Amino acid sequence: MWNMDFVIPSLLVLTVLLIFYFARPRLPNQLNRAFLFLLVSDIATIVTDFLATCADNAYHSLPLWLVSVLNLLFFLAYILRSSLFLRFTAVLVKLNRVGFTWPKALSYFILLVCEAIVVTSPLTGAVYTVDAMGYHRGPLYVILALSSFAFLLLGINLLFRFRKSIRKSALISAMAYHAILIAGNVLRILFPQYLVMNVFCLLAILVIYLAFENPDLYITDRGPAFNTRAFTDWLDDPQHRKDGRILGFAIRNYNDERSMYGGIQMDEGLGLIIAWLKKQFPDLLLFYLRGGNFCVAGAEDTEWEQVRKKILERFQAPWQAESVDLNLSATCVEIRLADRTDSPDRIVNTLIYALDQARDSADIEQTLMSEETLRQIDRQIEIKRYLDTALEHNTVEVFLQPIVDSHTQQIVAAEALARLRNDRGELIPPGLFIPIAEKHGSINLLGEQVMRKVCAFIRDYDVLGMGLRWINVNLSPIQCMHSNLPDLFSSILTEYGVSANQIHLEITEESMINYSEQEKQIESLRQFGFQLALDDYGSGFSNLHQVKKIAFSNIKLDMKIVWDYIHDRDALLPSLVHAFRQMGFSITAEGIETQEMAEAMAEIGCDYLQGYVFSKPLPVDNFTKILQPCSE
Ligand code: C2E
Ligand code: MG
Ligand code: MG
């Protein structure tokens with residue numbers, strides 16, 4: 001007699017899983033399909049197990065062919081289920097992508113041979129027989145356990161081989177369901193009358209559900225849209241990459257709008273947008289990528305132009321939340337996936353970068369991303385990677401460019417300029433990585449590294465002996481406004497034993513947007529003994545009155561106004577320099593490329609000169625070499 005205590009509860013739990021599985025949005029990807037097959041095969045196995053067991057118990061009152069067929073169906077389902085666990089593992093480790101086929105071939109072979117033995121059993125009696133005395137096991141009944149073990153061993157082999165291609169937590173979960181299935185097989189052999197295998201399969205399925213299939217892992221908490229993780233998984237499917245397009249759109253000024261309307265109302269608005277999109281485009285997949293960024297995805301032959309128009313048109317009208325009308329505007333970008341050969345993570349990054357750019361662009365009607373724009377975004381992502389690595393390993397380089405006295409043309413100071421290198425050892429100019437560092441919040445760390453390296457240089461070399469009176473260090477506006485900057489910099493000075501008057505801090509004119517706010521910070525830097533220079537003067541819109549109010553000691557003329565003067569020598573620049581000098585500022589002219597320029601700028605009263613005619617920015621070792629002759 002069989003004990004069926006486990007069968008009914010297992011079936012009920014599976015039904016709940018199945019309902020949940022279908023009730024929530026699900027990505028149409030291979031992993032989900034593999035799980036669905038597994039779920040259905042498990043239900044089929046349990047149902048046929050139940051029916052076959054009932055038939056075996058009541059064989060005397062049933063036609064023998066029916067008892068035989070029910071057993072046949074159960075054995076078929078049982079072996080299929082074991083193989084589907086392996087299939088799930090194979091999809092999990094992305095076996096199909098590696099073109100590594102022997103485990104696949106072997107698993108099909110085992111499956112076919114075992115199923116063939118089962119199918120022919122009514123004739124051969126290999127796995128089971130049914131006769132007037134009821135159901136009996138055949139000599140090859142053991143193939144049920146053997147095939148199951150074989151599939152499990154193949155699965156473990158896959159996990160071991162591809163352990164690096166999946167997340168560690170995924171690997172642990174996969175090992176866990178393999179262990180559960182092995183335990184189930186062993187107990188089934190030890191206690192055959194209990195039908196325990198179904199319970200262990202159910203446990204394995206629960207582990208899979210919780211670790212990989214729980215829809216909540218893939219759905220954003222703003223509404224029934226998929227999240228970034230789901231988006232990455234979707235992009236990882238080769239089919240979608242062959243024939244897919246994504247249309248991303250961003251809410252303009254999302255952070256400002258969020259602080260204006262408040263988090264609760266904005267979240268409500270996001271929910272409304274998601275609900276509207278789902279209703280309008282039921283055939284497209286909808287993702288919410290946080291920060292006011294959405295994305296709809298689908299096949300290339302979708303009417304993308306219509307989708308884009310509809311979305312932008314809808315944003316012309318307010319989104320009516322419970323207590324407020326949200327007036328939002330959106331901007332779109334499209335990416336054709338067939339053109340992209342890079343990893344899903346990179347595509348997600350590209351899209352988010354592209355949306356960030358589109359958000360700030362004046363062109364709301366932006367359409368398909370041009371190849372050039374995508375390449376540019378790729379380059380930015382690459383630079384960010386180099387930047388992150390350099391910051392992590394403290395390998396940001398500092399180059400020094402001499403600043404000379406305009407009368408003697410002797411080097412009296414230097415400007416420190418940050419440099420990064422790519423994998424090939426080529427230099428990346430700051431014009432490319434400083435804006436990225438500012439945007440991604442790493443500018444403070446970068447500035448700190450530069451400051452430390454400058455202090456180390458001053459400590460390690462006899463700078464005064466070499467004629468260097470100070471080193472200029474550039475400050476980004478974001479860094480400048482950081483409240484702990486004065487404390488941080490002065491503690492670095494103490495650490496390296498450098499005096500504050502050996503450092504001049506440069507702040508660009510362009511960044512002096514709000515003089516009154518910056519005044520306080522600059523004043524406190526001055527109190528720590530730093531001198532301040534106004535960099536790139538002439539590139540922004542400061543008036544003399546504003547400049548006068550701030551305690552700068554030096555004004556650096558932007559190279560553009562220097563070059564303009566050289567081309568057209570009017571009286572404007574000389575009188576400006578004169579006025580500044582009257583106000584007590586010293587003047588540095590940047591971008592001096594010829595001796596003639598040097599003389600002209602000295603003539604109009606500039607105190608210091610900086611430019612390629614003296615030297616380009618150099619690595620420290622090369623810089624000290626050009627210094628030594630000056631000090632003799
Ligand atoms: P900047 O502070 O105005 O630095 C002067 C820039 O002009 C440097 O470019 C320098 O190489 C270049 N230059 C100097 N003399 C000449 C010349 O005769 N002709 C021409 N055509 N160019 C000349 P670089 O090194 O590419 O730096 C660009 C900007 O990046 C800097 O402009 C500065 O604003 C920023 N930067 C550089 N390093 C740092 C840093 O450590 N922190 C911050 N926040 N910004 C930095
Ligand atoms: Mg500068
Ligand atoms: Mg400058």
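Q: Which residues coordinate the magnesium ion (ligand 2)?
A: This is a predicted model, and the site is read from its computed coordinates. The donors follow the spacing E-x58-N-x31-E-x28-D along the chain. At 1.9 to 2.2 Å from the magnesium ion (ligand 2), the coordinating residues are E415 (OE), N474 (OD1), E506 (OE) and D535 (OD).

Q: Which residue bridges the magnesium ion (ligand 2) and the magnesium ion (ligand 3)?
A: The two ions lie 3.8 Å apart. The residue that bridges them is D535.

Q: How many residues apart in sequence are the parts that the pair E415 and D535 ties together?
A: E415 lies in strand β10 (residues 411–421), whereas D535 belongs to strand β14 (residues 531–537). E415 is buried, and D535 is buried as well. Because the two residues sit in these separate strands, the pair ties together parts whose separation in sequence is 120 residues.

Q: Which element gives the largest share of the shell around ligand 1?
A: Ligand 1 is surrounded by 23 residues, and E415 and D535 are among the closest. At least two residues of the shell come from each of β10, α17 (430–439), β12 (470–475), β14 and α23 (559–567). The largest share, four residues, is supplied by β10.

Q: What percentage of the accessible area of ligand 1 does the protein cover?
A: The space that ligand 1 takes is the largest pocket. A backbone N or O atom of Y612 lies 2.8 Å from an oxygen atom of ligand 1. Of the 800 Å² of accessible area that ligand 1 has on its own, the protein covers 84%.

Technical notes: Residues numbered from 1 in each chain as written. Chains lettered and ligands numbered in written order. Predicted model: local features only at pLDDT ≥ 70, side-chain atom pairs only at ≥ 80, totals over all residues. Heavy atoms only, no water. Donors = N, O, S within 2.8 Å, 3.2 Å for Na, K, Ca; no water. Buried < 20%, exposed > 50% of the residue type's maximum accessible area, 1.4 Å probe, protein only. Near = heavy atom within 4 Å. Polar contact = N/O pair within 3.5 Å; in protein donor to acceptor, adjacent residues only side chain to side chain. Areas by Shrake-Rupley, 256 points an atom, 1.4 Å probe, with all protein chains shown as cover. 1 Å grid on protein atoms, 1.4 Å probe; cavity = no way out; pocket = protein on both sides within 12 Å on 5 of 7 lines; lining within 4 Å. Sits in = over half its atoms within 2 Å of the grid points.
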